[in-house]
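The sequence and the model are shown first, and a description follows.

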Amino acid sequence: MVGICPQCGNYDWDKTVDGNKITCPKCGHSWQFLKLPLFVVTGASGVGKTTTLQALQGLTQDFVCLDADFFYNLMPHETEEDYLVQTEQTQALSRDIMQCGRPVVWSRAGNIHMLNKTYGLRFFTGVFVLALVCPEEKLRQRMTAGRGIEDAGWIQSSVDYNRYFIEHNQIGSVSYDRLDTGPLTAAEAARAAHAWLRGKMESCPGQGDIL
């Protein structure tokens, strides 16, 4: 909604954004919006993304936590273009939700490299990524005993993806921080994620006092 011109009704993705001011190129009308950071919690299957964000929701109401898998059930997910469109949609939804004054935190496993290639990027003060990781043996245990997964290929791909997050500091041009959930309970991981979120909010000028 925030990207639809209130003067002429233009809903195309063609607006210019300068700070927290949006301008419609069709009629020249400008309006202000609340510009906040966007957060993404990523990692391989089994590292605890969903569990951590569920615990975070019980810890604080300062953030809106959502699962990007929601879009996989609604939209095609076969090509690079499909995933880019999904990324745009998550950002469009996020900028509307943020108008209530709460930043959005997405659980999102893949396509992290697309986060800074979007039109929607201009509507946020920054996009910050936290990668959850854990030791390989712990990950295998969570996937098999914890989630009942028997597919060896799925398990190995998750192990490989987890190793990537441990050994690197970025995917494409998107950098991320890391949180090792191996020794942590869900409550402890949520508290650590909350501290990370608050720290990122405080690093954005003028937004540390929003929460």
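Which residues form a nonpolar patch on the surface? The patch consists of M1, I4 and Y11, with about 400 Å² of accessible area together. Patches of this kind join nonpolar side chains (Val, Leu, Ile, Met, Phe, Trp, Tyr) within 5 Å, from residues with over 30% relative accessible area and no salt bridge, a salt bridge being a side-chain nitrogen of Lys or Arg within 4 Å of a carboxyl oxygen of Asp or Glu. Areas come from the Shrake-Rupley method with a 1.4 Å probe, and for residues only the protein chains shown count as cover.

The model is predicted: local features need pLDDT of at least 70 and side-chain atom pairs pLDDT 80 or more, while totals for chains, interfaces and linings use all residues. Residues are numbered from 1 along each chain as its sequence is written, and side-chain values use heavy atoms, without hydrogens and water.

I4, a member of the patch, is placed in the segment before β1 (16-18). Helices (H or I, at least four residues) and strands (E, at least two) are DSSP runs, numbered from the N terminus. Three residues are compared below by relative accessible area, where buried means under 20%, exposed over 50%, and partly exposed in between.

| Residue | Relative accessible area | Class |
|---|---|---|
| I4 | 39% | partly exposed |
| I97 | 22% | partly exposed |
| D82 | 17% | buried |

I97 belongs to helix α3 (residues 80-97), and D82 also lies in helix α3. Leaving aside neighbours within four places in sequence, I97 is in contact (heavy atoms within 4.5 Å) with V64, L66, R102 and V104. The side chain of D82 reaches the backbone nitrogen of T79 at 3.1 Å. The C-alpha atoms of D82 and R163, 81 residues apart along the chain, are separated by 26 Å.

The interior is described through nonpolar cores, sets of buried Ala, Val, Leu, Ile, Met, Phe, Trp, Tyr and Cys residues joined through side-chain atoms within 4.5 Å. The largest has 27 residues, of which W106, I112 and V129 touch the most other members. At least two residues of this core come from each of β4 (36-42), β6 (104-107) and β7 (124-133), and β7 gives the most, with four. Not counting residues up to four places away in sequence, V129 touches V40, T42, I112, L115, V174, S175, Y176, D177 and W196. A second, separate core of 25 residues includes F39, F128, L132 and M201.

Methods
Buried means under 20% relative accessible area, exposed over 50%, partly exposed in between (1.4 Å probe, protein chains only). Patches are made of residues with over 30% relative accessible area and no salt bridge: like charges are joined within 9 Å, nonpolar side chains (Val, Leu, Ile, Met, Phe, Trp, Tyr) within 5 Å. A polar contact is a pair of N or O atoms within 3.5 Å; within protein, one must be able to donate a hydrogen and the other to accept it, and residues adjacent in sequence count only if both atoms are side-chain atoms.
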